[in-house]
Amino acid sequence: MNTSYLAPRSYVVIPARLGSTRLPRKMLLAETGMTLIEHTYAAACGARLPDGVVVATDSPLIAEVIERSHGDALITSPQCASGTDRVAEAAAALPDADILVNLQGDEPEMAASAVDQVIELLHANPDAPMATLATPIRDPAQLTDPACVKVVFDDAGRAMYFSRSAIPFVRDTAEFDIKSEPPLYYLHLGIYAYRRDFLLNLAKLPPSRIEQAEKLEQIRVLQAGHSIIVGVTEHSSSGIDTPEDYAAFVARCRRAA
């Protein structure tokens, strides 16, 4: 992690709440010898560009785990409705942050290069208030899985829409398939970069109707008329949402050991 001055300065904020419906207390699961949140924190610390990494949590238990491993944590309000709201609250404690990266706490396999890439997207696109990443979908199961969020973007890399459904819809299936080149389908990855002022204003916007329908908070940005720059990476990362997801993650860790 780069601790020298950067202009603009950037920080990774990892929102992590203790409550989880499908996988209770998942941030503290530790079958690999490390908690899930420590894995995500370590991944973020491997990036070159951020000036710091901090976990924003509603749980003193999560904060204690991070601080015990010599990391930085902030206690945020349990009333935060989303990870974006938690990152925005943490921004108040990071007054020198120009860019804030929101890396979900349940993304332990996000590549450090992805953190750098999403920051570089804002460096390269000074008019863009927000950036995120996507990767080509090659697995048909991901295309039909509503837990796998899909994104379409224009020729300038600006997001057009996010959905839990397969987008774009292919009317004539003989013309396109999942192996098409260039890729037709893209999986949205759980990482965002925001400019500070934009993030603070975004947290004040009420949820939009389409956002509530899809249960995807990034749609609020599009419906409010703002742009999101999408960068493409070949590195795919899966969030941990269910016991099956976590078991598969543990198995991958053990194979890599």
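The buried residues of helix H3 are covered by elements that include strand S1 (10–16), strand S2 (52–57), strand S3 (73–75), strand S4 (99–103), strand S8 (186–195) and helix H6 (196–202). Covering is judged by contact, meaning heavy atoms within 4.5 Å. Helices (H or I, at least four residues) and strands (E, at least two) are DSSP runs numbered from the N terminus. The model is predicted: local features need pLDDT of at least 70, side-chain atom pairs count only at pLDDT 80 or more, and totals for chains, interfaces and linings use all residues. Residues are numbered from 1 along each chain as its sequence is written, and side-chain values use heavy atoms, with hydrogens and water left out.

Helix H3 spans residues 83–91 and is mostly covered, with 8 of its 9 residues buried. Buried denotes under 20% relative accessible area, exposed over 50%, and partly exposed the range in between (1.4 Å probe, protein chains only). The buried residues of H3 are Gly 83, Thr 84, Asp 85, Arg 86, Val 87, Ala 88, Ala 90 and Ala 91.

Strand S1, one of the elements that cover H3, is itself mostly covered, as 7 of its 7 residues are buried. Ser 10, Val 12, Ile 14 and Ala 16 point one way from S1, while Tyr 11, Val 13 and Pro 15 point the other way, and all are buried. Ser 10 is placed in strand S1 and has a relative accessible area of 1%, so Ser 10 is buried. When residues up to four places away in sequence are not counted, Ser 10 touches Leu 49, Pro 50, Asp 51, Gly 52, Ile 99 and Ile 119.

Pairing of two strands requires that DSSP finds at least two bridges between them. S1 pairs with S4 in the parallel sense over 4 bridges, and Val 12 stands opposite Val 101 in S4. S1 also pairs with S2 in the parallel sense, over 6 bridges; here Ile 14 stands opposite Val 55 in S2. A right-handed β-α-β unit is made by S1, H1 and S2. A crossover is right-handed if, with the strands pointing away from the viewer, the path from the first strand over the helix to the second runs clockwise.

Helix H4 comprises residues 112–124. At 1.5 Å a residue, the 13 residues of H4 should span 18 Å, which agrees with the 19 Å between its end C-alpha atoms. The expected span of a helix is 1.5 Å times one less than its number of residues. Ala 114, Val 115, Asp 116, Val 118, Ile 119, Leu 121 and Leu 122 of H4 are buried. The elements covering the buried residues of H4 include S1, S4, strand S5 (130–136), S8 and strand S9 (229–232).

Helix H9 (residues 243–256) has 14 residues, and the distance from its first C-alpha to its last is 20 Å, close to the expected 20 Å. Tyr 246, Phe 249 and Val 250 are buried in H9. These residues lie on the same side of H9, because they cover an arc of only 100° around the axis, the arc being that of the directions from the helix axis to the C-beta atoms. Glu 244 and Arg 255, on the other side of H9, are exposed. Helix H1 (36–45) is among the elements that cover the buried residues of H9.

A search of the whole structure finds 3 aromatic pairs. The rings of Tyr 192 and Tyr 194 have centres 6.1 Å apart and planes at 25°, so this pair is stacked. Tyr 192 and Tyr 194 are both buried. Tyr 246 and Phe 249 form a tilted aromatic pair, with 6.1 Å from centre to centre and 45° between the planes. Both residues of this pair, Tyr 246 and Phe 249, lie in helix H9, 3 residues apart, about one turn of the helix. Rings of Phe, Tyr and Trp (its six-membered ring) pair if their centres lie within 6.5 Å; planes under 30 degrees apart count as stacked, over 60 as edge-to-face and the rest as tilted.

S6 and S7 pair in the antiparallel sense over 4 bridges, and the bridge partner of Lys 150 in S7 is Ser 163. The two strands, S6 and S7, form a hairpin with 5 residues between them, and Gly 157 in the turn has a positive phi of about 85°. The loop between strand S6 (150–153) and strand S7 (159–163) contains Asp 155. Asp 155 is exposed, with a relative accessible area of 88%. From C-alpha to C-alpha, Asp 155 and Asn 125 are 14 Å apart in space, and they are 30 residues apart in sequence.
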